[in-house]
Amino acid sequence: MTDQERAPNPVPPPTGSDLGRRVKFRRQHLGLTREEVAARAAASPGYLRHVEEEPAQPGAAFLLRLADALDTTMAELVGGTVEFPPGLAGAAARPEVLVLDTATCWAHLSTHGVGRLAVTVDDAPAIFPVNYTVADGKIAFRTAAESGPAAAAGHRAALEVDHLDNAFGEGWSVLVVGPARMVTDTAEAHRLTAAARSGPWVGARPLWMVLDPERITGRRIRATGFLAPATS
């Protein structure tokens with residue numbers, strides 16, 4: 001028996017493009033045929049097949065019509081959003097775990113603005129979503145003095161930020177651990193406010209907190225095989 005005969009069947013490489021797989025995933029999730037979506041988008045089924053299965057580069061006008069036909073946005077189709085998608089698809093069947101270096105972790109942190117802060121409140125662990133800002137090599141977020149995240153002041157805390165691509169069953173995660181402190185200097189608070197990506201989600205949050213990173217680690221999960229079937 002030759003080595004070729006002993007080797008297991010290789011996994012066929014994925015075809016098409018990221019855009020095509022997202023279009024197909026969205027269409028199938030809505031229960032629509034290619035013909036139905038093509039009619040909605042004023043395109044031919046053959047061209048829609050090309051978009052789904054080949055590395056096509058359609059123009060913005062067509063992408064806008066296609067997004068409308070699929071009841072989504074152009075940003076969602078091209079993967080430009082930062083929202084965490086719901087668990088509609090299973091995890092990758094054969095995932096590859098890659099360790100991210102510090103520079104890549106910081107690059108990922110800088111593209112996002114929402115994370116989960118882990119602190120201890122009343123002797124129990126708690127996790128809170130926070131709008132954060134990367135500034136001067138630190139993580140900063142706004143809160144209120146009586147809120148849960150404020151309990152991190154004077155203690156070590158952890159912030160996790162991640163991105164999950166539901167269509168491909170892959171993503172990345174970055175964890176920042178270090179001491180947290182309240183910002184009491186007015187000039188520093190003004191600098192952080194000027195650098196903020198967005199305002200607080202839940203009303204007035206006048207208190208700035210800073211997490212000074214002692215340790216930053218990150219992982220990327222890359223799909224190398226087919227998606228496993230969804231369990232729900």
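Tutor: Start with alanine 42, which is exposed, with a relative accessible area of 60%. Keep in mind that this is a predicted model.

Student: Where is alanine 42 found?

Tutor: Alanine 42 sits in the loop between H3 and H4. Its phi is positive, about 55°, although alanine 42 is not a glycine.

Student: Ok, and what about aspartate 123, what is its phi?

Tutor: Aspartate 123 has a positive phi of about 65°, and it is not a glycine either. This residue lies in the loop between S2 and S3.

Student: Is aspartate 123 buried or exposed?

Tutor: Exposed, with a relative accessibility of 80%.

Student: Since you mention H5, which of its residues are buried?

Tutor: Phe62, Leu63, Leu66, Ala67 and Ala69 are the buried residues of H5. Seen down the helix axis, they fall within an arc of 155°, so they line one face of H5.

Student: And which residues are exposed on the other side of H5?

Tutor: Ala61, Leu64 and Asp68 are exposed there.

Student: What do the buried residues of H5 pack against?

Tutor: They pack against H2, helix H3 (34-40), H4 and helix H6 (74-78).

Student: New topic, aromatics. How many aromatic pairs does a search of the whole structure find?

Tutor: The search finds one. The partners are tyrosine 47 and phenylalanine 62, in an edge-to-face arrangement, with 5.1 Å centre to centre and 75° between the planes.

Student: Why edge-to-face?

Tutor: Because planes over 60 degrees apart count as edge-to-face, and the angle in this pair is 75°.

Student: Which parts does the pair tie together?

Tutor: Tyrosine 47 is in helix H4 (residues 45-53) and phenylalanine 62 is in helix H5 (residues 60-69), so the pair ties together parts that are 15 residues apart in sequence.

Student: Phenylalanine 62: buried or exposed?

Tutor: Phenylalanine 62 is buried, with a relative accessible area of 8%. Tyrosine 47 is partly exposed, at 32%.

Student: Back to H4. At what angle do helix H2 and H4 pack?

Tutor: The angle between helix H2 (residues 18-30) and H4 is about 115°, and their axes are 6 Å apart. By class, their contact has four nonpolar, one polar and four charged residues.

Student: Which residues meet there?

Tutor: From H2 there are Leu19, Gly20, Arg21, Val23, Lys24 and Arg27, and these meet Leu48, Val51 and Glu52 in H4.

Student: Now the largest nonpolar core. Which of its 22 residues touch the most other members?

Tutor: Leu159 and Val174 do. The elements that give two or more residues to this core include helix H7 (102-111), strand S5 (156-165) and strand S6 (170-182). S6 provides the largest share, four residues.

Student: What is leucine 159 in contact with?

Tutor: Leaving aside neighbours within four places in sequence, the contacts of leucine 159 include Leu117, Val130, Ile139, Val174 and Leu211. Apart from this core lies another core, of 16 residues, with Leu19, Leu32, Ala38 and Ala56 among them.

Student: Fine. Which residues of helix H8 are buried?

Tutor: In helix H8 (residues 186-195), the buried residues are Glu188, Ala189 and Leu192. They fall within an arc of 100° seen down the axis of H8, so they line one face of the helix. On the other side of H8, Thr186, His190 and Ala194 are exposed.

Student: What do the buried residues of H8 pack against?

Tutor: They pack against S3, S4, S6 and S7.

Student: Last one, isoleucine 221. Where is its place?

Tutor: Isoleucine 221 is in strand S8 (residues 215-223). This residue is partly exposed, with a relative accessible area of 31%.

Student: How many residues apart are isoleucine 221 and proline 95 in sequence?

Tutor: They are 126 residues apart in sequence, and 6.1 Å apart in space, C-alpha to C-alpha. Beyond neighbours within four places in sequence, isoleucine 221 is in contact with Pro95, Glu96, Val97, Glu170 and Gly171.

Notes: Residues are numbered from 1 along each chain as its sequence is written. This is a predicted model: local features need pLDDT of at least 70, side-chain atom pairs count only at pLDDT 80 or more; totals for chains, interfaces and linings use all residues. Side-chain values use heavy atoms; hydrogens and water are left out. Rings of Phe, Tyr and Trp (its six-membered ring) pair if their centres lie within 6.5 Å; planes under 30 degrees apart count as stacked, over 60 as edge-to-face and the rest as tilted. Buried means under 20% relative accessible area, exposed over 50%, partly exposed in between (1.4 Å probe, protein chains only). Axes are lines fitted to C-alpha atoms, for helices over the stretch in contact, and angles run from 0 to 180 degrees between N-to-C directions. Contact means heavy atoms within 4.5 Å. Ala, Val, Leu, Ile, Met, Phe, Trp, Tyr, Cys and Pro count as nonpolar, Asp, Glu, Lys and Arg as charged, and the others, Gly among them, as polar. A nonpolar core is a set of buried Ala, Val, Leu, Ile, Met, Phe, Trp, Tyr and Cys residues joined through side-chain atoms within 4.5 Å. The arc is that of the directions from the helix axis to the C-beta atoms.
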